[in-house]
Amino acid sequence: MTLASARTAALPDISGYSIVPQRHWKRWLAVAVIGLLLAGLARAFAVGQIEWDYVARFFTAQTILSGLFNTVVMSIGAMALGIALGITAAVMRMSPNPVLQGVAIGYAWLFRGTPVILQLLLWFNLALIFPTIGFGEWSWRTVDVMTPAVAALLGLGINQGAYTSEVMRAGMLSVDQGQYEAAKAIGMTRMKSLRRIVFPQAMRVIIPPLGNEFIGMIKLTSLASVIQFAEILHSAQNIYYANSRVIELLIVAAIWYLLIVTILTPGQMLLERRFARGAGGSR
Amino acid sequence: MSQPPIPPPLVSIVDVHKHFGSFHALKGVSLDVMPGEVMCIIGASGSGKTTLLRCINQLVEIDRGAIWVDGELTGFRIDGGRLHHLTEAEIARQRLATGMVFQRFNLFPHMTALENIMEGPVQVQRRRRDEVAGEARALLARVGLADKENAYPANLSGGQQQRVAIARALAMKPKLMLFDEPTSALDPELVGEVLAAMKELAASGMTMIVVTHELGFAREVADRVVYMDGGLIVEAGSAAELLNTPREARTKAFLSAVLS
C-alpha cells in the first residue's frame, strides 16, 4: 500500500494471530449465586408446611372456578365502564367549553384522590345515605339494588374512568393538530373527527398503557372481596376459613391470576398490530 | 352589442381583522375573487397570507369584518339587524364549499390513498360507497396516481401525498380551492409534479387561491397576484404587472430579495 508510512512498517505484523475468546467469569459467578439462592428457596418451600396436593385438589374446585369467572367478568365490565367514562371525560377535558372542562377535572380529582377500597365501601353502603333510589312510582330499596356485584362494578369502573381519561387525553394530544384541521376542512364536526380521524390514530398510543391498566384491574377486583363480592380471592378465603389451608388456597389464586395475565399479553400485541395500520412501513 | 353581465364575486373579503393575543395578524384586508379566477398570494412569512387563507374556510375565526363565500356570509347568520354565531354543524356545512390543501399534506395516515379521498363524501356527505369509489379512482387517475389507491401515506413520497391531498379536497366537489404553501414542504425534485396537478386544475376552470413562494407558478398560472406585508395587502395586479413592474417600494424590495 502506498498510503502506509515508513513508520507503520516498523510495527509488528499481527495479521496471522487468532483472537482468544473473552472469558465471562462475572456472568458465571452471577449464575452460581442466583442458582444457589433459587435452590435454597425451592428447598424451603419443599420442606415448608405446604400440602401441594391441596393446591392440586382445589385448583379446579367449583367455588374457585366460579370465583375465577366472576373475576374475569368483573374485570371486563369495570374496564368497559372505565373506558366509556374515560373517553367521555377526556373529550370533555379537551372541549372548548370551560364548564365541561371543569367537570372533567373535578371527576379525575375526586376519584384519583381517594383510595379505591374506600370508594367500594361507600358504594356498598350507599343505603345508609339514600335508603331508596328512584323517582315516585319507580323506586327501589337501595340495599336491593346495591348488591356486591353492582357496588364493585360502580366502584372499580368509575375509579378506573378517572385514570383512563388521562390515558385517552394523552392519546388525543399525540395526534397532530393538522389532522384535526384536515378533518374540519372536509366538513367534519368535532365529534365525527374524533371518532373517524383522531381516536383511530390515538389508539397506538392508548393501547399499551390501557393494557397495563387492564392487568391492574384484574388484580384490583380482589379488593371487592371486602364488600363480599365472590371473586377468586374471596372464594379462596371462603374455602380456607372452612379447612384452614390458607397458603395452599392463596397459591391456587396466585396461579390463576398469573394465568389470566399471561393469556392477556399476546392479545394486547394483536390489538397493537391492528392499530398500527399505515404507520411506518417501507417504501 | 351589450357586455355580458359581470358575475358576482365567489369570495368577498371585507375589512377583515385578526389578532393572535397582542399580535395584529390582519389589519383590515379587503379582496374579491371572481369565479374561475386563480389568485396567488405572495409575501414574507408573518405577512398574514396564511392567516387570511385560513379565515376563508373558518379554521381561524375573524375578529372584525366579513367574509362572503358563494353569496353566504361565513360564520354568522343575519337576523333582525344583528349577527348570530352559526353552530358548529352549520360552519361544517359552509366549509363544504371550499377545499383546502395544506403545506404538510395532513393525509389521514391510518387510511389508504383511496380511503382518504372517500372519507369526506362517504362520512360527511353520506353518499353511496360504490358511487364514491368510482369518482375517487377517477380523481387519483387525474393526479397521476391510479396505481397507488391501496398505498398508505407513509409509503408515498411527499409529492404523491400532496397530489392525494388535492384529490381528497376535490372529492367534496368544492366551488373554491385553497392552497396553503402546497410545495413548501417538498424536496425540490417533487415540486414540479404538484404544480403540474395544480395547473391542470386551474385550466379546468376551478377558482383557486394559492399562498405560495413559487413565483414561476404565479407568473404562469395566476390571473391576479396579491402581495401582502404586515397584515395588509400592499399591492394587487395581474401576474405580469405585479411581478415585472411593481409600483410599491415594499413589493420591489420583496421581489428582489426573493429573486436574487
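Trainee: What area is buried between chain A and chain B?

Mentor: This is a predicted model: local features need pLDDT of at least 70, side-chain atom pairs count only at pLDDT 80 or more, and totals for chains, interfaces and linings use all residues. Residues are numbered from 1 along each chain as its sequence is written, chains are lettered from A and ligands numbered from 1 in the order in which they are written, and side-chain values use heavy atoms, without hydrogens and water. Buried area is the accessible area (1.4 Å probe) that two parts lose on being put together, summed over both. Carbon and sulfur atoms give 54% of it here, and the total is about 2300 Å².

Trainee: How many residues does the contact take from chain A and from chain B?

Mentor: Contact means heavy atoms within 4.5 Å. On that rule, the two sides are 24 residues from chain A and 29 residues from chain B.

Trainee: Which residues meet in a salt bridge of 2.6 Å, N to O?

Mentor: A salt bridge is a side-chain nitrogen of Lys or Arg within 4 Å of a carboxyl oxygen of Asp or Glu. The rule finds two salt bridges across the interface of chain A and chain B. At 2.6 Å, N to O, the side chains that meet are those of A:Arg196 and B:Glu119.

Trainee: How many residue pairs are in polar contact between chain A and chain B?

Mentor: A polar contact is a pair of N or O atoms within 3.5 Å; within protein, one must be able to donate a hydrogen and the other to accept it, and residues adjacent in sequence count only if both atoms are side-chain atoms. With both residues at pLDDT 80 or more, the count is seven.

Trainee: Which element gives the most to the side of chain A that touches chain B?

Mentor: Helices (H or I, at least four residues) and strands (E, at least two) are DSSP runs, numbered from the N terminus. Helix H8 (177–185) and helix H9 (190–220) of chain A are the elements that give two or more residues to that side. With seven residues, the one that gives the most is H8(A).

Trainee: Is B:Asn57 buried or exposed?

Mentor: B:Asn57 sits in the loop between helix H1 (49–56) and strand S4 (64–69) of chain B. Leaving aside neighbours within four places in sequence, its contacts are A:Ala185, B:Arg95, B:Thr98, B:Met100 and B:Leu178. Buried means under 20% relative accessible area, exposed over 50%, partly exposed in between (1.4 Å probe, protein chains only). At a relative accessible area of 1%, B:Asn57 is buried.

Trainee: What is the radius of gyration of chain A?

Mentor: Chain A has eleven helices and two strands. Its C-alpha atoms fill a box of roughly 105 × 70 × 30 Å along the principal axes. The radius is taken over C-alpha atoms, and the globule rule is 2.2 Å times the number of residues to the power 0.38. A compact globule of 283 residues would come near 19 Å, but chain A has 28 Å.

Trainee: Which backbone oxygen lies 2.9 Å from a polar atom of the side chain of A:Ser165?

Mentor: A:Ser165 lies in helix H7 (residues 148–174) of chain A. It counts as buried, at 4% relative accessibility. Apart from neighbours within four places in sequence, A:Ser165 is in contact with A:Gly86, A:Ala89 and A:Ala90. The oxygen at 2.9 Å from its side chain belongs to A:Ala162.

Trainee: How far apart in sequence are the parts that B:Lys175 and B:Asp70 tie together?

Mentor: Their closest N and O atoms are 2.5 Å apart, in a salt bridge. B:Lys175 is partly exposed at 46%, and B:Asp70 is partly exposed at 36%. B:Lys175 lies in the loop between helix H5 (158–170) and strand S9 (176–180) of chain B and B:Asp70 in the loop between S4 and strand S5 (72–73), so the pair ties together parts that are apart in sequence by 105 residues.

Trainee: Which residue forms a salt bridge with B:Glu149?

Mentor: B:Glu149 counts as buried, at 17% relative accessibility. Its closest N and O atoms to the partner are 2.8 Å apart, and that partner is B:Arg137.

Trainee: How many salt bridges does a search of the whole structure find?

Mentor: One network of salt bridges links B:Arg127, B:Glu131, B:Glu135 and B:Lys173. Over all chains, the search finds 22.
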